[in-house]
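Visitor: I have a structure to study for class. Could you go through it with me?

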Amino acid sequence: MPLHPQAQQVIEATRALGLPPNHTVSPAEARANAAKRPRGPGPEVGKVENRSVPGPAGDVPVRIYTPEGNGPFPILVWYHGGGWVVGNLDSADGTARHLCVGSRNIVVSVDYRLAPEAKFPEPFDDCYYATVWASDHAEELGGVRGVVSVGGDSAGGNLAAAVSIKAAETGDFRVSHQLLVYPVTDVDFDTGSYLDNGAGYNLDRELMIWYWEQYLADPAQVADPLVAPLRLSADFEGVDDLAQALVITAEYDPLRDEGEAYGRHLNELGVPAQSNRYDGMIHGFFSMAGVMDTGREAMDDACRFLRGAVDDMTEEYFQQHEGDPAAMRKLLDPQAAEVLMVLESLGIKAFQDMDVDECREVMNNRPRPKGPEVGRVEDRVIMNEHGKEPGEVPIRIYTPATPGPWGTLVWYHGGGWVIGNVETADATARELCVGADCVVVSVDYRLAPEYKFPAPFEDCLTATMWAMANAESLGSRPDAIAVGGDSAGGNLAAAVSLAQDDFPIPLAFQLLVYPVTDYAYETRSYQVNGQGMFLETASMRWFWDHYVHNNDLSGYNIFASPLRARLSDDLPPALVITAEFDPLRDEGEAYAAALEEAGIATTLIRYDGVIHGFFGMPHVIDKGRQALDAACASLREAFGATLVEPEAVAAADN
């Protein structure tokens, strides 16, 4: 595409400064001139601290940016750009602040020695030693010892790739993610992007040749992958320990092709790497997130990528504290930790340590919040006349106090298909009725093990078809029916949505709250969160054993394990809510990804620091209230789009 107008403005503003190109002056003059370039301030962070850390030839200055709130946080070690010749902590300040706030990472920005006074490997050594220090002192900083992410732009991207390679080779620390922003990865000035973009686009070919001359102590060093990461050998022994990467490139950047080539090279080595090219952009745009729209877009993409380091941090912490649930709970939101302490004080055993009757008695009698008042509550019984085991299905209907028509949410409670009923779901149903301003039909489906799969699913399907057929008497419309549920109820909501062909009118929405989506127990969240976090891995085995007939592979039926379905793009849009410290987290997020991959409008929200069940605890866990509010907002939006009066649509068209 053509050069973006904002990129053109940057080029013109840079020319207006009248500064000579760096390669035509001394390194000292280049640094002085670089300091004259305007830099936008970054956002406020929780804390900023300047320190010096031990390096190979003396102390290395670093600047540490800590987010607001309570940790532990992932740690990103950031290396600034500037061709290894210019740049410092101040030039990187705005970018470091944006990354800290957007990714919720502690950012350790490194002021490595500059060339030509310090040639390779000295700048690299400073970066590596500073990263070792950050890993070793992670707990002091507010992170977890032994795992960090690395990142940098331009020459800093080169250093980040090199640090990742060295760490994979030595095992000195674990690199979780590497963020490589238009990185220098090779010494080749004849690539297509060098030939096309080598003059007039903020970074010139002659300047890059000069930078390399300042950096290298010996031209033969280009064979070293710590100098030119693209030359990393295919038989590199540490390949399995190379971190996943996000490579950001700009269309009008001479470094574009070598950055993208490195992303492909990592993929060829079996390392997950995504390359994002931003069309119309020039070298340096990433650090202009405050003034360039596409810079903000790239920064947001980078921050989303870095937020994934939370899982690696938690896994590392788990490995250090395996078998110590009390230590794992130190990572929790304080309110979630308090809930676990209260449950322990009540002497409530794990689900798998009780028989079914005891489990139901304990959970049904557990203190529950009282939900808000609604317009009307009605209990009814409908008949499931289909499937293997026909029978009665009680439902409870909650109607808003506001004028209709309303949308209708058919809600299936959680409880591992074994426990729960309309009473245990009452407060949540009331919250959804009031917050989303919709009718809620809460389904008291028959429970396992007395009624195994598919009976509970068929009860839910029957209730949903009944709600659609009786929409007008509910004060709703047949085209404004959504489904939702939490945990096992989320599983049932996903399954009912998969039965789309059974409905005369498509469903309007699916609300999946930490849904069970697969019969397997192999995800990382089962391993890390599977003990001492309210819902345990052993609990899920117990629930599945009661729900499905293990001798007939029922667990692999798509209506029992929706993640195993081949999804189509005619499924209803979805909101998937997960909890960081929930064994079900990964399968819920995998299902959200599968929905999105199938072309279904899907929103995924993970709530950090909380446990399975938090959605039903808005009175004691603030993030439970936040999740309820998000669910209600999504339902209002889905129903609002459906319930627009024809007259209003016609008026809008005119």
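Predicted model: local features only at pLDDT ≥ 70, side-chain atom pairs only at ≥ 80, totals over all residues.

Visitor: How many helices and strands does the protein have?

Guide: The protein contains 23 helices, together with 16 strands.

Visitor: And what box do the C-alpha atoms fill?

Guide: Taken along the principal axes, the box is roughly 85 × 65 × 45 Å. The radius of gyration is 28 Å, which agrees with the value near 26 Å that a compact globule of 654 residues would have.

Visitor: What share of the residues counts as buried?

Guide: Of the 654 residues, 59% are buried. The accessible surface of the protein is about 25,700 Å², and carbon and sulfur atoms account for 48% of that surface.

Visitor: Changing topic: how many positive and negative side chains are there?

Guide: There are 47 positive and 97 negative side chains. The centres of these two sets are 4 Å apart.

Visitor: Now, where is Gly-198?

Guide: Gly-198 lies in the loop that runs between helix H7 (192-197) and helix H8 (205-215).

Visitor: Is Gly-198 buried or exposed? And why?

Guide: Gly-198 counts as buried because its relative accessibility is 9%, and the cut-off for buried is under 20%.

Visitor: Which residues does Gly-198 touch, leaving aside neighbours within four places in sequence?

Guide: Its contacts are Ser-193, Leu-203, Asp-204, Arg-205 and Glu-206.

Visitor: How far is Gly-198 from Gly-83?

Guide: The two glycines are separated by 115 residues in sequence, and their C-alpha atoms are 15 Å apart in space.

Conventions: Residues numbered from 1 in each chain as written. Heavy atoms only, no water. Helix = DSSP H or I, 4+ residues; strand = E, 2+ residues; numbered from the N terminus. Rg over C-alpha atoms; globule rule 2.2 N^0.38 Å. Buried < 20%, exposed > 50% of the residue type's maximum accessible area, 1.4 Å probe, protein only. Areas by Shrake-Rupley, 256 points an atom, 1.4 Å probe, with all protein chains shown as cover. Lys, Arg positive; Asp, Glu negative; His and termini not counted. Charge placed at Lys NZ, Arg CZ, Asp CG, Glu CD. Contact = heavy atoms within 4.5 Å.
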